[in-house]
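Please open the model in a viewer with the sequence panel alongside.

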Amino acid sequence: MPFRAVSLGALVDVLKFSSYWLLYNARHTQLTMTSLRQDWLSNWQKDLMAGTVVALALIPEAIAFSIIAGVDPKLGLYASFCIAVITAFAGGRPGMISAATGAMALLMVDLVKDHGIQYLFAATILTGILQLIAGYLKLGDSLRFVSKSVMTGFINALGILIFLAQVPEFKNQGLLMYGMVAGGLAIIYLLPRITNKIPSPLVCIVVLTLIAQLGGLESLRTVGDMGELPSTLPAFFLPDVPFNLETLLIILPYSIPLMVVGLLESLMTASIIDGLTDTDSDKNRECKGQGLANFITGFFGGMAGCAMIGQSVINVGSGGRGRLSTLWSGLFLLFLIVVLGEWVARIPMAALVAVMIMVSIGTFSWASIRNLKTYPKFSSFVMIATVAVVVYTHNLALGVMVGILLSALSFARKVDQLMTVSSQREPNSRERRYTVDGQLFFVSAHRFSLSFDFTEVLDKVVIDVSRSHFWDVSAVAALDKVVLKFRREGTEVELIGMNEASSTIVGKLAVHDKEGASLDSGGH
């Protein structure tokens, strides 16, 4: 592995590069000294406390995600440090925590198994490049296509998955584990009634660790049992892979899903934190920040990551609001594993399980259960379907995609129902006037073509489309079908009121106004 710099210099490089990125954004966006102070120093005491809690909770998760991916635990820990530090400067959502995640780890398993760890580093770098491109293409704005039902389903599924992830920790642990977790939850929920100066999850971790150590409770699993903690800082190196087309073809099928899942989970998490803090975030900047973080992480022996809903909720719940909380969580994480690794290894998993159960309870939208009776049935169905798919497959992206698809189908159906065709005929007249209201597209096109009576003997038909719009080739094909059927019956057809945009697409795609047009030639 060709190291280019020693660890401490590499650490300085990460901070220096992140600072340059911050200055670049300040110069090329509307960032001001006031906004920088707001993001970094307005809440510094609570940010430091919250970042401390997050750093402690990151360690077992980073180790667990490394195990899922089939790599050394230090890869997840190094990735969590790099990603947290870089997104603190470059990300678009202050107070959000990004690190190594389970959703991303699941996508790396086959790559590591079939091609080795060096290709994982290369795939991580390519993932970062793709995410940077997405950011500059402003794909972060596409989050507006995600409905509230899908968002709620995403949140609820995450809450369930976070809780289910804690269940294996109780296996073969006996009543002592249950008692410690119950005690930890009591501290977490009761301490805020006395004081909010110290985050209750941090007190929970400290108290349960002291009880385990002073009480000699050696039967409890500890952080050290999860895997060996690294004792050195990450170092910069180039992935030991051939830089050719073959390597690109190997890593691209993995980098594209990593890019999609990473951005989807990050943007959804950013929206959740927006709601929790009643503030807005820059989604396109978040895409760039995630891309920059993954790009750099690949050169420091880490795996690709993204925003973490659980840790972000812990951060916000502990009082973290600014970028300092994210930066400190990464720096303190590195300090914990390198300097205080021996002590961190003694933290009982019961303490961290209690914290994560708190997160799962806080993440789940309990109001959505009550709203099942009052919300539209299909909206509730979309929410439940999103939850079911995510929980069953453990694939956040797949669940959200299913939810978006169902929402789109529901919307198309509703728009179709708004399309109407009415008609009137003067007495003793052989002319009928049809008036079309609504949007004509692939869903409503069939019903549009069935709304005309072709058996009625008429000399002329006037179709008024001034209150409608033609959107696609299906709508134009339906119009062709109607006009040509009337003409086949010897009826003159006149179209009136077509707007400019509709005239453009009809003029380009329609065949009814072409010489020699027939029903057979109208098959678009």
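The model is a predicted one.

**First stop: helix α18**

Select residues 377-393, which form helix α18. The helix has 17 residues, and at 1.5 Å a residue these should span 24 Å; the C-alpha atoms at its ends are 24 Å apart, which agrees. Next, colour the buried residues of α18: Ser-380, Val-382, Met-383, Ala-385, Thr-386, Val-387, Val-389 and Val-390. To see what covers them, display α8 (148-166), α17 (367-370) and α19 (396-417), which are included in that cover. Then move to His-394, which follows α18 and has a positive phi, near 60°.

**Second stop: helices α7 and α11**

Two packed helices are described by the angle between their axes and the distance between the axes. Select α7 (residues 117-136) together with α11 (residues 245-277); they pack at an angle of about 55°, and their axes are 8 Å apart. The crossing of the two helices, α7 and α11, is right-handed. Show side chains at the contact: on α7 it is made by residues including Tyr-119, Leu-126, Leu-130 and Ala-134, and on α11 by residues including Thr-247, Ile-251, Met-259 and Leu-263.

Most residues other than glycine have a negative phi. Which loop holds Lys-138? Lys-138 is in the loop between α7 and α8, and its phi is positive, near 60°. Lys-138 is exposed, its relative accessible area being 52%, where the cut-off for exposed is over 50%.

Now select Asn-172, in the loop between α8 and α9 (174-190). Asn-172 is not a glycine, yet it has a positive phi of about 60°. With a relative accessible area of 72%, Asn-172 is exposed.

Select strands β3, β4, β5 and β6, which form an open sheet of four strands in the order β3-β4-β5-β6, with mixed pairing. At the edges are β3 (420-425) and β6 (492-496), each of which pairs on one side only. Neighbouring strands of the sheet are turned against each other by 20° on average, direction ignored.

Cross the sheet from β3. Six bridges join β3 to β4, and these strands run antiparallel; select Gln-424 and its bridge partner in β4, Arg-433. β3 and β4 form a hairpin with five residues between them, and Asn-428 in the turn has a positive phi of about 60°.

Is strand β4 (residues 431-440) largely enclosed or largely open? Seven of its 10 residues are buried, so β4 is largely enclosed by the rest of the structure.

Continue to β5: β4 and β5 pair in the parallel sense over nine bridges. Here Arg-432 has Val-461 of β5 as its bridge partner. Finally, select β5 (residues 460-470) with β6; five bridges join these strands, which run parallel. The last pair to display is Asp-464 and its bridge partner in β6, Ile-496.

Terms used. Residues are numbered from 1 along each chain as its sequence is written. This is a predicted model: local features need pLDDT of at least 70, side-chain atom pairs count only at pLDDT 80 or more; totals for chains, interfaces and linings use all residues. Side-chain values use heavy atoms; hydrogens and water are left out. The expected span of a helix is 1.5 Å times one less than its number of residues. Buried means under 20% relative accessible area, exposed over 50%, partly exposed in between (1.4 Å probe, protein chains only). Contact means heavy atoms within 4.5 Å. Two strands pair if DSSP finds at least two bridges between them. Axes are lines fitted to C-alpha atoms, for helices over the stretch in contact, and angles run from 0 to 180 degrees between N-to-C directions. A crossing is left-handed if the near helix is turned anticlockwise from the far one by less than a right angle, and right-handed if clockwise.
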